[in-house]
Amino acid sequence: IGRIGRADNDLVIVYMDKLMKLKDDESFNVRHAFIWACENIATSNPDLFCDKLDIFYEMISDSEDKVRIEAPEMFRVIGKTRPNCVKHYLKKLEYFAENDENRIVRIHSAGAIRITNDGYGADLTSCSKNLYDYNTDTTNCTGTDWLFNIEDQWLLTPVSTSDRVAWYVTS
């Protein structure tokens, strides 16, 4: 369901309530797969999960390491394009990044903080420019996109509307 939703969220919207119930499944493999599916859908449809991040925050404290390791990745995925959704959780993620006994949970939590807090994402709701326009037209991206703060580095966001093209660059 995750990869289908990544390609076309209209195909999975009707299953979202059922999907979200999997967070409480008794099998840690199902809870782990639930996070993966949500990450895939959130890659191209982050707005579906902005109001559900409490679920993933709670899952960082799951009884199984596999689930705990994957849960912070939802914050990284959402933080790339909707940093404002994740900012509320940064202090909480910082605790896990500094104190969790599992090294991977610490790494994934720190990665979610970095991409959100350090501005390595772009708020695509206010900044949607073609690459060739970045040098000439800065009217709606200044302050919301890290490309204006760091030279010679690019974050290429996959094309979510195509099942055949990952990136499309014109010049």
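Biologist: Among contacts between residues at least 6 apart in sequence, what percentage join residues at least 24 apart?
Modeller: Keep in mind that this is a predicted model. Contact here is heavy atoms within 4.5 Å. Counting contacts between residues at least 6 apart in sequence, the share that joins residues at least 24 apart is 55%.

Biologist: And the make-up of the fold: how many helices and how many strands are there?
Modeller: Reading from the N terminus, the elements go α-α-α-α-α-α-α-α. The chain has 171 residues, and 40% of them count as buried. The tally for the protein is 0 strands and 8 helices.

Biologist: Take helix α3, then. How far apart are its end C-alpha atoms, and what span should its 17 residues give?
Modeller: Helix α3 covers residues 28-44, and at 1.5 Å a residue it should span 24 Å. The expected span is 1.5 Å times one less than the number of residues. The model agrees with that, because the end C-alpha atoms sit at a separation of 25 Å.

Biologist: Which residue has a side-chain oxygen reaching the backbone nitrogen of Asn 29 at the start of α3?
Modeller: The gap in question is within 3.2 Å, and the backbone nitrogen belongs to Asn 29. The side-chain oxygen comes from Ser 27.

Biologist: Which two cysteines form the disulfide?
Modeller: Searching the whole structure turns up 1 disulfide. Its sulfur atoms are 2.1 Å apart, and the cysteines are Cys 50 and Cys 85.

Biologist: How many residues apart in sequence are the parts that Cys 50 and Cys 85 tie together?
Modeller: The link of Cys 50 and Cys 85 is right-handed, with 90° about the S-S bond. Cys 50 is in the loop between α3 and α4, while Cys 85 is in helix α6, so the pair ties together parts with a sequence separation of 35 residues.

Biologist: On to rings: what kind of aromatic pair do Phe 49 and Phe 56 form?
Modeller: The whole structure holds 6 aromatic pairs. For Phe 49 and Phe 56, the centres are 6.4 Å apart and the planes are at 70°. Both Phe 49 and Phe 56 are buried. Planes over 60 degrees apart count as edge-to-face, so this pair is edge-to-face.

Biologist: Of Tyr 95 and Phe 96, which is buried and which is exposed?
Modeller: Their ring centres are 5.8 Å apart with planes at 80°, so this pair is edge-to-face. Tyr 95 is at 53% relative accessible area, which means it is exposed. Phe 96 has 8%, so the buried one is Phe 96.

Biologist: Which residue lies over the face of Tyr 57?
Modeller: Tyr 57 is part of one aromatic cluster with Phe 75, Tyr 89, Tyr 95 and Phe 96. At 5.1 Å from the ring centre of Tyr 57 sits Lys 92.

Biologist: Last one: which side chain does Glu 73 join through a polar contact of 3.0 Å?
Modeller: Glu 73 is in helix α5, and it counts as buried because its relative accessibility is 10%. Leaving out residues up to four places away in sequence, Glu 73 touches Glu 39 and His 108. The polar contact of 3.0 Å is with the side chain of Arg 76.

Technical notes: Residues are numbered from 1 along each chain as its sequence is written. Side-chain values use heavy atoms; hydrogens and water are left out. Helices (H or I, at least four residues) and strands (E, at least two) are DSSP runs, numbered from the N terminus. A polar contact is a pair of N or O atoms within 3.5 Å; within protein, one must be able to donate a hydrogen and the other to accept it, and residues adjacent in sequence count only if both atoms are side-chain atoms. Rings of Phe, Tyr and Trp (its six-membered ring) pair if their centres lie within 6.5 Å; planes under 30 degrees apart count as stacked, over 60 as edge-to-face and the rest as tilted. Buried means under 20% relative accessible area, exposed over 50%, partly exposed in between (1.4 Å probe, protein chains only). A charge sits over a ring if NZ of Lys or CZ of Arg is within 6 Å of the ring centre and within 35 degrees of the ring normal. A disulfide is a pair of cysteine sulfur atoms within 2.5 Å.
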